[in-house]
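Welcome! Take a moment to look over the sequence and the 3D view, and then let us walk through a few features together.

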Amino acid sequence: MKNTAFLFLLTILAYTTQAQRAGFTYIKDDAAVRQKLSAGSKAINAIKADFTQEKELSMLSEKITSKGAFFFKKENKVRLEYKTPFKYLMVINGSKVLIKDDSKSTKYDTHNNKIFKQVNDLIVSSVQGTILNSPDFKVKIYESSGQYLLEMVPVAKGLKEFFSGINILIDKKDYSVSRLEMVELSGDKTIISFSNKELNGKVDDTLFSTN
Amino acid sequence: MARWTIPFLALISLCTATSCSSYRALKPATSTTCTLSDVHRLPQGQYVMQIDIFNKHISGLMLFKETPTGTRAVFTNEMGFKFFDFEFGKDSARTVFILPRMNKKLIVQTFQNDLGMVAAPRKQADVLQGKEGTVLRSKLNEKDFLYHYTGADCNALTRIERGGKAKRKVVATIERDAQGKPFNATIKHKLFNFKIKLTKVEEEAN
């Protein structure tokens, strides 16, 4: 009887531990943190960074890694330039999107494509740190000594078809995004980690040309 | 005009429109040392995949991976988002995952047929001989065959065709590396405007 109770208790503890984020504490009353994050992200006008993207294919235990350069400039300018192991470029400039692979350039206008607009808004607001205001997600905030973790569950119809969750890690020291994790319905994960970040340096407007 | 002229002209037009091939000219080979093996398909690894269909262009990454249960073909876009995941056995294909929006019979069949052509393992084939050299023919179903053209050297795959007994439907042109192994493929449909290009990605050494 005693052993059964003990095992039961252990199971409950294990479950409770798993429900938390390892190393992070859930912030139930997060109004003050939301204000801090909002103020912090407003102070970022430009970002230049390297990124590493790891795609984890859950069913194959396989990881696909790619690397490149990332640029952001207020208000809605993003450049994601993949350099290895393939060349691929995505530029967002307001509602205009340019995608360029080895053989072709394609331009989109997000006004004409709802899903594209949602993905576009997601990328820009994730980078800007303004995602907390998005009506497309339910957000829970966790914190560790050095970082905030935004755990986002999509509620918007289009995004719900593709993602089960998106997690954003924000550095407490400068409120910049250090990691973006996208979890698909299939269980696959794409993790984009940013390094060598330069905040508010010179970032040329020509980098965001969609012509 | 002779009474056979019109039917003959109609036959020529039909052949031109539907790419009649020289399959009927292929005869059983006298030597049967050539067998279908892994040198007659793309090896596992990452490939940049570019799809052109009518005026649309889509690109992404294709991962071919050998597993104990078959060859897996996983297509994601460059940002990592997965479109589909197929598994090929010897002359079989199944869908492990596909985006609901892409889950239409024609789309699934076309991608499975085309990717299977260049990456799936095959059961043993008939060995035939033609003007271009050795051709390995494996049966797909009651109507269609795969023809692996290897030229004089059985291991030097140059192209794979899918077609019936006379009609060519899809042609996959294969490029080989310095060691003679297939590493790139361009798959083109003859009956409609659809092309897939697979280019092997140089993987970084760890």
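## A cysteine to start with

Is C154(B) buried or exposed? With a relative accessibility of 17%, C154(B) is buried, because the cut-off for buried is under 20%. Please keep in mind that this is a predicted model.

## The disulfide

C154(B) has a partner: a disulfide joins this cysteine to C34(B), with an S to S distance of 1.9 Å. The two ends lie in distant parts of the chain, 120 residues apart. C34(B) sits in the loop between β1 and β2 of chain B, while C154(B) belongs to the loop between β9 and β10 of chain B. Counting over all chains, the structure holds one disulfide.

C34(B) is buried too, at 7% relative accessibility. The torsion about the S-S bond is about 80 degrees, so the disulfide is right-handed.

## An arginine in strand β10

Now on to strand β10 of chain B, which covers residues 159–163 and includes R162(B). R162(B) has a relative accessible area of 8%, so this residue is buried. The side chain of R162(B) makes a polar contact with the side chain of D114(B), at 3.4 Å.

## How confident is the prediction?

The model has an ipTM of 0.80 and a pTM of 0.84. For chain B the average pLDDT is 86, and 86% of the residues score at least 70.

Note on methods: Residues are numbered from 1 along each chain as its sequence is written. Chains are lettered from A and ligands numbered from 1 in the order in which they are written. Side-chain values use heavy atoms; hydrogens and water are left out. Helices (H or I, at least four residues) and strands (E, at least two) are DSSP runs, numbered from the N terminus. Buried means under 20% relative accessible area, exposed over 50%, partly exposed in between (1.4 Å probe, protein chains only). A polar contact is a pair of N or O atoms within 3.5 Å; within protein, one must be able to donate a hydrogen and the other to accept it, and residues adjacent in sequence count only if both atoms are side-chain atoms. A disulfide is a pair of cysteine sulfur atoms within 2.5 Å. pLDDT is the predictor's confidence in each residue, from 0 to 100.
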